[in-house]
Amino acid sequence: MNSKVKGVLQILLVAALIAAFVFVAYVGIGKGHRGKATNIRLGLDLQGGVSVTYQAKKENPTKQEMSDTIYKMQKRVQDFSTEAAVYQEGDNRITIDIPGVSNAAEILEKLGSAGSLQFILYSNLKDKDGNANPADGDEVTFNEDDVEMDGSTIKDAVATAQTKSETGAKENVVQVTFNGKGTKKFAKLTAAHVNEQLAIVYDGKLVSAPNIQSAIEGGECTISGGADFKDMENVRNLASTLRIGALPLELENIHDNLVEATLGSEALKSSLIAGLIGFVLVILFMIIMYRVPGVAASIALVFYITAELLILNGLNVTLTLPGIAGIILSIGMAVDANCIIFTRIREELATGKTVTSSIQNGFSKALSAIIDGNITTLIAAFVLFLRGSGTVKGFATTLAIGIILSMFTALLVTRWLMNAFAALGVTDVKFYGVQKERKTINFMGHWKKYVIISGAVVVICLAGLGINASKGSVLNYSLDFVGGTSISVSLDENTNITDEMKKDAETIVKDKTGLNGEISTSDDKGVKKITVRTTQLTDEQAEEVRAALAEKFGVTGENVASETISGSVSSEMRTDAIVATIIAAVCMLIYIWIRFRKFATGASAVLALVHDIIVVFTVYVVGSSLIQVGSTFIACMLTIVGYSINDTIVVFDRIRENRKKASSRTDLKEIINKSITETLSRSINTSVTTFIMVFVLALLGVSSVRQFAIPLIVGIISGCYSSICVASPLWYLLSGKGEKAAKSVSYAKKSKKK
């Protein structure tokens, strides 16, 4: 095929794909408009959702029982959304806010009624009239001593279909997994009662009584058989019953209601405008810096964005405002692979090669840096998804999607377009640019200065923590972390709640307490509510606010209620995030160690990563009066983990390449200086494009987005600095070369004196 024809076809194919993606994202497919961007599930902060409140049946539940129940609820509602929030209200109530849904009845049905669950030998059961052999669904009586196991022994229960080994036919089953305690109890129980029926009793009613066919020691069992199992819906209900029955406390639903978006449409609108402006600026920057390759990268970015919208839609990912900010940030990060490739192409052109040959060699030589950098970040995303919960799991999902898609667009779409332009005759070197000869900068000669700078940041961080601690709290924790007070005003069902009314409620809280409030509205079966949540108020402050709200909205004191609420980010979730990050760092260290065949390489990359986390943490410490530590704090720190390690790997990859080319006598210090200098333009350009996206967010975004963007700006700058001034010197020192060089210099000085 003629090369020009092939080039035209390649461009047309990419254009057709983008057009198809845009059409689906804008219009959708079929009657349900599947794939349409407006169908993407939004979080509670942007779209609202359902709020369900449970109350413990136990009169005075302990803090530990409430904490354990909240954590298990958090794990359970992740089936609906990773961004669902679970928190405690008062002493014995638990509220679940599930974004992106509008049918409270459907959610309650899927969650199940939060009652008690027991496993009892069927022979020990009687119906309510005292008769033996009760049927499924009957109310039953039994002695407490007959309870063999309860719901606390269950880890999970899943409804599925499997193939029977004897007949090959499909059957519906419930796969039950027990925790450590349950595994031992169940093994002992089943071994002692083979061929007997084990009844599952839920909320005093017989749910099912499957037969024990053999001793089960692996901590997993399958419930199957019976007429009810022919209907998959019944199987799902049983699985739901087992899961909800595993809660430490027996709960009852006291009310459920629809809640309005906490931030409103303006927050979404301003973020999308910021994203569009940032995207246009990034495209202009890429075209100005890289010319024709910049045009190819810009087209590939359009492909990237439209494809990401479809994938998010297809996977039912729930997007909160920080999530949208993270995706906008990923647009800047997606440019990274292109910057690596284009720098390589310019270097090839500088050696006198043709444009076509330079394109092929540029992609080939950039491949290892792109793959290593992205695989390291993917490892982090994979571990965070498996070990994390809530926001962490949601972040890991969007991170993984962004990484895989950006690799695809850079290595395939951009390459196709570059080859197509070359085939169409765009082969003049001036359209691509030639890498000018660069004088090697002596970065390694200033490593002690870098130590002083980084050390100063650590000192500032520690001093800030001390000063903040003396004022009462080391960090400015948001409601997500420490909870606070929730005050609700109940209004008549005919009341139309306006933005002005919400503003009035917010102003009252600010005037009476000096604190900012988080405003939301809800409809609880006809009762309209305005709810203000703020950090913990004293009894006197709460009373003042209640009185002022009652007067403002013309209601009695009975219509204004206040409750103490817990943070939606539980201590277990924070522990999950920390453990997941540590495991991810260890896995990244091992991967880098294997790929670069030196432990020092992996160790220095991870230490540079820790350096960047400390720098960003310092922003939260020093700016505690302006920046709160909330759910976005976790997302911000995790973003830095992915961004920083990718930046460092690119520099390390060039050091590895140059070491292979150099003679055995070449000092490692010279190789490192040369490698950093060669990758410097890429490091700066990638940081600039990412900086543009985040800076526009900080400039135009609402307060919550700004609190996410400002620390990220510092993290981007720190990531660029650490890959150049921290990671590489650490590699040099940890590899032992630094010590040898120091001895050599010392010996040379002594010899000179003689």
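## Sheet S8-S9-S12

Two strands count as paired if DSSP finds at least two bridges between them. With that in hand, meet an open sheet of three strands in the order S8-S9-S12, with antiparallel pairing. Strand S8 (154-163) and strand S12 (220-223) stand at its edges with a single partner strand each, so one side of each has no neighbour in the sheet. From one strand to the next, the twist averages 25°; the axes behind such angles are lines fitted to C-alpha atoms, for helices over the stretch in contact, and angles run from 0 to 180 degrees between N-to-C directions.

S8 and strand S9 (residues 170-178) are joined by nine bridges in the antiparallel sense. Alanine 161 has asparagine 172 in S9 as its bridge partner. Helices (H or I, at least four residues) and strands (E, at least two) are DSSP runs, numbered from the N terminus.

Residues are numbered from 1 along each chain as its sequence is written, and side-chain values use heavy atoms, leaving out hydrogens and water.

The chain has a mean pLDDT (the predictor's confidence in each residue, from 0 to 100) of 81, and 86% of its residues reach 70 or more. Confidence is highest in helix H11 (residues 447-471), at a mean of 91, and lowest in helix H21 (residues 737-753), at 48. Over residues 741-754 pLDDT stays under 50, and the model has one contact there (heavy atoms within 4.5 Å) beyond four places in sequence. Where pLDDT is low, the predicted coordinates should not be read in detail.

Five of the five residues of strand S2 (residues 85-89) are buried, meaning under 20% relative accessible area, with exposed being over 50% and partly exposed in between (1.4 Å probe, protein chains only). Ala85, Tyr87 and Glu89 point one way, and Val86 and Gln88 the other. In a regular strand the side chains alternate between the two faces of the sheet.

S2 runs antiparallel to strand S3 (residues 93-99), to which five bridges join it. Glutamine 88 faces isoleucine 94 in S3. Three residues lie between the strands of this hairpin, where glycine 90 takes a positive phi near 65°.

## Helices and loops

The 33 residues of helix H18 (residues 668-700) should span 48 Å at 1.5 Å a residue, and the 46 Å between its end C-alpha atoms agrees. That expectation is 1.5 Å times one less than the number of residues. H18 also bends by about 45° at threonine 679, the bend being the angle between axes fitted to the seven residues ending there and the seven starting there. In helix H16 (599-622), 17 of the 24 residues are buried, so the helix is largely enclosed by the rest of the structure.

Arginine 597 sits in the loop between helix H15 (571-596) and H16, has a positive phi near 60° and is exposed at 74% relative accessibility. Asparagine 195, in the loop between helix H4 (180-192) and strand S10 (198-202), has a positive phi of about 75° and a relative accessible area of 59%, which makes it exposed.

## Around isoleucine 487

Isoleucine 487 belongs to strand S14 (residues 484-491) and is buried at 2% relative accessible area. Its contacts beyond four places in sequence include Ile530, Val532, Leu537 and Leu549.

How values were computed. This is a predicted model: local features need pLDDT of at least 70, side-chain atom pairs count only at pLDDT 80 or more; totals for chains, interfaces and linings use all residues.
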